[in-house]
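Visitor: Hi, I'm new to this one. Can you walk me through it?

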Amino acid sequence: MAWQDIPGGSASVTTATALVLATVPGRWAQHPAIHRPPATGPGPPPPAAGAMSHPAPHGPGGGGQPPSGQRGGEARASRGRGPATLTTNVILLLPRGLVVVHDERSWVPPARSLNRPQENLQLGRCEEAPALTPVQQALLELTASLETLQGVKGRMLEAMAKGLSRQTHAQATVRMLPTYICSTPDGTEKGDFLVVELRRSHVRTLWVTLPGDGNQSPQLKDQLFNMPEDITQGKGEALFDFMAQCLCQFLDSVCPGAPQQRLPLGFVFPFSCRQTRLDQGELIAWSKGFCCSEVEGQDVVQLLQAAINKQEHYPVDVVALMNNTVGTMMSCSMDGMSCEVGLVIDVGTNSCFMAEGRHVEMAEETSGRMCVNTEWGSFGDDGALSDVLTPYDQCVDQESTRPGEKRFEKLIGSMYLGEIVRHVLAKLAAEGALFSGGGATILGTKDAFKTQQVLEIIDDEAGLATARATLQALGLAPSEQDCCHVQQVCRAVVTRAAGLCAAGLAAILSYMCQSRELERLKANVGVDGAVYRGHARFGEILQRVTKLLAPECLATLVPSADGAGRGAAVVTAVALRLAAQRREVDQLLAPLRLGPADLQRVQALMRREMELGLDRETNAQSSVRMLPTYVRGTPDGTERGDFLALDLGGTNFRVLVVHVTQDGVSMASEIYAIPLPVMQGTGEALFDHIIDCIMDFQKKQGLTGQVLPLGFTFSFPCQQLGLDKAVLLSWTKGFSASGCVGKDVVQMLREAAQRKQHCGLDVVAVVNDTVGTMMSCGYDDPSCEIGLIVGTGTNACYMEEMQNVGTAEGEQGRMCINMEWGAFGDNGCLDDIFTDFDRLVDEKTINPGKQRFEKLISGMYLGEIVRYILLALVEKHILFRGKPSPKLQTRDIFQTKFLSTIEIDGLALRQVCGVLRDLELDASFEDSVLVREVCQAVSLRAAQLCAAGLAAVVEKMRESRGLAQLAVTVGVDGTLYKMHPCFSQHLQRTLRDLAPNCTVTFLQSEDGSGKGAALVAAVHCRAARAQGPP
């Protein structure tokens, strides 16, 4: 740009007018013009015209705050001591818009007024600033500094948080209304869609055809209907009838004859609504000049549907309600790009964005993301914009139909920008600063100055001519200087609007970045509206100021191509696509979703199998073995002594020494590996290896030569014939050592000790990990009479009345029963609970048809169930865009630990995507939501089935003891119970529902399989001492 002067009257005015704000003792210095400094002069030249300058971060480390003791726009100057260096904010009102140069310490433009001859001052020197002229004062009042905009952004963030919270929503000015739009287009949307768009003075109808091939070129037919002005002020029924009539007239032209199927319609209703579903929304309040009766508080979707039905012409279903802001976002989400923010600067202004669902407390849906309609036009109604509002804004507000409301909108929307300019010009004219003191009467007429004229006046090329023509049309005789001043005022008003809009947008972007736990956010922002489209520089200012206010966010402004029309069709199409997918997903997951009747039936079946297993004559028929353990008591706290314990139940096993004293239990232990060849070799080799490890441990602990009572935790199905005698029924967990099934495992251990000539072995008890868990917790809580394991496998045990145990001798007292409930259902009684996915998992295991209850519950299998469900969803083109994933075909690739991670409450879906990416699964945001749902369905069913089994146990205990109410503690162990974020809650809640007469407390075991085995030995020794020598 050339910095030439334009002659005008007695003075010359440059086309680049600058406001240089500097703190000078006693006054503000504001310079209405700048002059190109000499090329040889000291200091840098002024910024190039049209360039947006940004402050370098203060200090060597950067940062956006001014130096200590200074605020933006302030400077230190010394009076009476020669030249002073000023820290300045330079705001250039160039023909292309606002340019901010922050903290330009070495450049001080010449101080001059329009009525003083031009003169070049030495840079770095300061002269006493002149008083502000009325025009300068008005421009200063309309200037929003970067510091002010930062404050606006901060207050917008506070207002957004208030609107999202259920507790403070009612008092929020930024309403943050849920729209129930939970997905953006994926390009597969296909079909014909209708749109009815309500505008300020028109109704627009559209027929949009989406081809489903990425939707690069949708076909669109539309028609615009003029709306009589009295309809906007009349009865609500008349308004909706008019829209329905417009729709029918439109369909008569584009759809001759009755359509073969019902037509889906999206309704663009640009007013604040409280939505409870996508197709339901109550009008909160009219705005934009509308004031129809009997509509506020009513469901506008129902009103439109009723009006359409009344016409009895076409079968139309109103599927989706949205405002034009949401439509703008959705229209810009096409063409292969994802858009998650919508912004409209039109008659009014509004924004929307995709928020994390868990933060939208006013909506019932909490997973995934949901588009939130901010309704930010009301921001500032509580006084939050008091530092921005000028006397001109106050006048505009007082003349509006709703004074005190929509304060933010009245600073930005096209309905008000012309009015702001009019009030500024009227005041300047009244003060004699414009039009030679005339024109105040003409400019006192409301709507004399239109926003469209404002946007044309700020144009570079024809702006001054437009200003002259506009003013002359009002009957004024403007001078060239008047035209320049009017252009400056128009630019100041529009520039402020762009800056304030940028502050709001920056608040949204920063919120998205923070709530998604990102270091940097990249987002596309769909933008529409007459103010944005009418002035190209508005978008440039919006983009650059947003970058200044939210440097951690990279926002790309995407102009909307018919957001309210095409975007509304896309919203409707996405809603139908998601509804169809939802039906398929629900159908797929329905067999896993168990109702109360299903769980009560499982509880009854478990009870029946328990009764069969306890009876000697029917034991063989039961899938629940109900094995006697010969453990007849739980710890009472008087146990004392040192004990050895072995814990064998997986690829590693432990040897422990346990010291039971008056002060409690202490332990020392060591873990030993069992090589795969030993696990799958001969029984002699396996037990020889165990003895070698015991001898090594005793040597390290200084126990060589000592004979200590030993408790042996052997976590495989056994038939126990005595406390120290257990016959192995079958191997599980990858073990297959030969020559062991059908033999006494304690005897095999003793024989191995003999082969190794190890004499310090006194095995007094053999238990499984479930019994050990119960005994371990029983030491801390005497009411613990149930043991539960939910980890790699699952099992339960409990103290049964001896009179009910037909498989062991004796009638008095109680005995711990090892249920071995993992095999529950092996006889077919759970076949109707098994789904196709469960059968696929079962078929691929090493023991098909066995341990069927365990395969529904335990951690070894849940991940595989999820994997098969995900494969089915991919095949249906619902998940991962229907693209086959070789990684997902790999058995056991989806481990149960992933369920625990994915289901963590509050885990951002970005992290879920990360988990899936680690599995080489190219998951979209929507994919992550669906994968989480599948994981939740599988883990919930597991917890519910476990609770059904446990309900059968506690109810049997209660009835056997003749109690109206049972209070009992369950000692529980296992990684699934302990590590999964929701499993324990689901289990306990379901148990309360199924066994309301039982008060059940859960106590997590501290090393049940080790400490518990030693305590079984300790209880045995205590009882033996009490009985005395034989």
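Visitor: Is Phe824 buried or exposed?

Guide: Phe824 is buried, at 0% relative accessible area. Buried means under 20% relative accessible area, exposed means over 50%, and partly exposed lies in between, using a 1.4 Å probe and protein chains only.

Visitor: What kind of model is this?

Guide: The model is predicted: local features need pLDDT of at least 70, side-chain atom pairs count only at pLDDT 80 or more, and totals for chains, interfaces and linings use all residues.

Visitor: What is the mean pLDDT?

Guide: The mean is 84, and 85% of the residues reach 70 or more. pLDDT is the predictor's confidence in each residue, from 0 to 100.

Visitor: Where does pLDDT stay under 50?

Guide: Over residues 1–127. The model has 238 contacts beyond four places in sequence for that stretch. A contact means heavy atoms within 4.5 Å.

Visitor: Back to rings. How many aromatic pairs are there?

Guide: The structure holds 22. One of them joins Phe240 and Phe267, with ring centres 6.4 Å apart and planes at 75 degrees, so the pair is edge-to-face. Rings of Phe, Tyr and Trp (its six-membered ring) pair if their centres lie within 6.5 Å; planes under 30 degrees apart count as stacked, over 60 as edge-to-face and the rest as tilted.

Visitor: Where do Phe240 and Phe267 lie?

Guide: Phe240 is in helix H3 (residues 236–254) and Phe267 is in strand E11 (residues 263–268), so the pair ties together parts that are 27 residues apart in sequence. Helices (H or I, at least four residues) and strands (E, at least two) are DSSP runs, numbered from the N terminus. Phe240 is buried at 2%, and Phe267 is buried at 0%.

Visitor: How are the rings of Phe824 and Phe853 placed?

Guide: Their centres are 5.1 Å apart and their planes at 70 degrees, so this pair is edge-to-face. The pair links distant parts of the chain, 29 residues apart. Phe824 is in the loop between strand E30 (814–818) and helix H21 (836–843), and Phe853 is in the loop between H21 and helix H22 (854–857). Phe853 is buried, at 0%.

Visitor: Which residues do ring pairs link into a cluster?

Guide: Phe240, Phe267, Phe269, Phe271, Trp286 and Phe290. The charged end of Lys288 sits over the ring of Phe271, 5.5 Å from its centre. That label needs NZ of Lys or CZ of Arg within 6 Å of the ring centre and within 35 degrees of the ring normal.

Visitor: New topic. How many disulfides?

Guide: Zero in the whole structure. A disulfide here is a pair of cysteine sulfur atoms within 2.5 Å.

Methods:
Residues numbered from 1 in each chain as written. Heavy atoms only, no water.
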